[in-house]
Amino acid sequence: MPLLHYAGRPALDLTDEQFAAATAPHAHALVDACAGAGKTRTLVARYLHRREAGAEPDRMALVTFTRRATAEMLDRLETFTQDRRALERRVRTIDGFAQAILRAAAGPFGVTADFGLLVDERRRANEGRGDEERPGESREGFAVRLFGRTALDADEDGTNLLGAFDGLRARLMGEAEIGRLAQSADVGDVWRRAARCYGDYRAAMDKAALYDHAEIQHRVIARCQAEPALAQKLFGRFTDLLVDEYQDVTAAQVAFFQLFLVGGGRLWAVGDEDQAIFGFRHAEVERIRRFGRDFPGARTYRLGTNLRCGRAITGLARAVIAGDRRRGTRPIALDERRDGDGWLNPGQVVAHEAEDAEAEGRWIARRIARLVDEEELPPERIAVLYRARPAAETVIETVRAALRRQRIPIEDSDKPGVAFRTIHESKGLEFEAVFLPGLVLGALPHYRATDAAARAEERRLFYVALTRAETRLHLSWPRCRMKRNGDPEAVRPSPLLVEGLAAALDGDGLDSGGLEWDGPEWDGPGSLDGWLARQGSRRIARPGLQATAPVRPKAGRPQPAKSLEEWLVGWSPAEIALLDEHLGRSLATLQGLIQRPYGELTRVVTLARADRAALRALRPS
Ligand SMILES: Nc1ncnc2c1ncn2[C@@H]1O[C@H](COP(=O)(O)OP(=O)(O)OP(=O)(O)O)[C@@H](O)[C@H]1O
């Protein structure tokens, strides 16, 4: 592994791809990374490399999105540079930078330097508070005083008036556009109301000298864009802007970053579009995809090896994400590092179907107890991650009660223990063992995710969740749930889960040698293959498994088997030729080459492998 030096001493071990990204020339650069690629380490290395190359510390800015990420970055950098106070001026959240600039310049922006903050209570609880931020007032309380309790009522997408105010600013909507929105019949009530009340909201903020983060950023952007000399004065000194988590940027944030570059500074950003999960907060995954257009001349560096997860876990995760047709070919490599005995970390995937949420909770608690008691895993290395709290309530409460009975610690503010989080909150974290309960249709993908963009985000959320696990991943779901009146009601397993398990059972995505894996462990009666057949996902049984896996079409919906020829009707000659040339390669590789839906590709490949001559006959000459 190459070593990055700092101040004449070896500082960081890096992989080849990390080294190339960290030591890239001083030009705009996008570091396009996969999960577990070591983004934080590479970002720290970039900072140290630029310092070594002579960049002045006060002309560098390092932007993160959460205070937790800022704290981690500061801790890591402090071990090399020691001067924490100076570092705190350069390493900040995006909100921290905007606030510092507005306070320092105040006058030209029409504010006083000691303005107060309106702080979103929910986000503060999730992200923790940092030193840079003054206590501030509750934004929710402010909105209720102005607009009444209905200000916090969410529409069916989960957006309330405050969320819509954020949206107007995240999308950089101008006055005219907001005026049109206020009259538009194409948007929901919450958005129309936000467009109508936006002026009142801003006036009230000015009157109280209290501002929310979006407003602070918006003021800086609007004024500096209108007055280039002011932008030059405030931002002209920056030579380097380093940005983390670029996949979750909004249009406003991109405009804010562009201000940092007015003096000829260069942007070095790292992100992973497969982990873009904040669309509901107005982040636009398209931004990372059009990085080269927003920052002309940018080069791209790929960090494509997952160094966190065991190979089976990475294999499963990449088979799931390969089903996103818009992601383009971005190969994800399995970790090839071996331990002292020459052993590759295979990781373990366990699947379990429970009768209902309570039984599922008891199963999880038993597995956790086994990990803690028999494998001596520290409880804080274990996490239970769920899509949304309400749907997961029963399972969570059952697990927690069982853990308490067994005196297994549960994480509680500063006290370490088994962690319970939403998948969104788990972003950027890693655990030895991860439990993903409640994997049913309606929970993940969430029932509110109805359009293609929202469903793609649900797939990415699942990918984020899977890739939090280092060595043990547990997937579980109930067969039924309780209706409000107490009657049980059958539920369907998540199609993302079915797709992932089918791929894992085929060993798909695990092709790069050296992994001896029997597929996911099925903890329960029957077999995984049989279960998959019942889900209708295995119409084409694999030869060796036929005995245990009778292929049954789903009741009431006969599914006649399509022939290879029928499947290939919509395929282009180039796609058919690619299939023929690469048929021996893994499904994940083929998915990278041929962007067809996962289920379709699986069937076509299976049929073509069984009858190569038929494929040849269909290939145009
Ligand atoms: N060069 C390296 N050598 C050894 N281990 C590494 C190296 N780089 C990263 N790692 C380890 O790989 C794991 C993943 O790193 P990190 O958490 O920075 O990934 P990430 O890219 O931020 O992932 P994600 O986006 O999934 O949160 C960590 O446990 C880290 O210590």
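Over which residues does pLDDT stay under 50? I went to the confidence values before anything else, since this is a predicted model. The stretch is residues 539-559, and there the model has 23 contacts beyond four places in sequence. For the protein, I noted a mean pLDDT of 88, with 92% of its residues at 70 or more. I also wrote down the predictor's scores for the complex: an ipTM of 0.97 and a pTM of 0.84.

**Entry: α2 and α3**

I looked up how helix α2 (residues 39-52) sits against helix α3 (residues 67-81). The two pack at an angle of about 45°, and their axes are 10 Å apart. That makes α2 and α3 oblique to each other. The crossing of α2 past α3 is right-handed. Then I listed who touches whom: α2 brings Thr40, Arg41, Leu43, Val44, Tyr47 and Leu48, and α3 brings Glu72, Met73, Arg76, Leu77 and Phe80. Sorted by class, this contact of α2 with α3 comes out as seven nonpolar, one polar and three charged residues.

**Entry: α5 and α11**

Next I took helix α5 (residues 94-105) and helix α11 (residues 213-226). Here the packing angle is about 60° and the axes lie 9 Å apart. I put α5 and α11 down as oblique to each other too. This time the handedness is left: α5 passes α11 in a left-handed crossing. On the α5 side I found Ile94, Asp95, Ala98, Gln99, Ile101 and Leu102, and on the α11 side His213, Ile216, Gln217, Arg219 and Val220. My tally for the contact of α5 with α11 is six nonpolar, three polar and two charged.

**Entry: the six-stranded sheet**

I traced the strand order of the open sheet as β14-β13-β15-β16-β12-β19, with parallel pairing. Which strands stand at the edges? They are β14 (419-422) and β19 (521-522); each has a single partner strand, so one side of each has no neighbour in the sheet.

Inside the sheet I picked the pair of β12 (residues 348-354) and β16 (residues 469-478), which run parallel and share seven bridges. As a landmark for this pair I marked Ala351, which stands opposite Leu475 in β16.

Which helix packs on the sheet, touching β13 and β14? I found helix α18 (residues 389-405) there, in touch with β13 (382-386) and with β14. The direction of α18 makes about 180° with that of β14.

Technical notes. Residues numbered from 1 in each chain as written. Predicted model: local features only at pLDDT ≥ 70, side-chain atom pairs only at ≥ 80, totals over all residues. Heavy atoms only, no water. Axes fitted to C-alpha atoms, helices over the stretch in contact; angles between N-to-C directions. Helix = DSSP H or I, 4+ residues; strand = E, 2+ residues; numbered from the N terminus. Parallel < 35°, antiparallel > 145°, perpendicular 65-115°, else oblique. Left-handed = near helix turned anticlockwise from the far one by under 90°. Contact = heavy atoms within 4.5 Å. Nonpolar A, V, L, I, M, F, W, Y, C, P; charged D, E, K, R; others polar. Pairing = 2+ DSSP bridges. pLDDT = per-residue confidence, 0-100.
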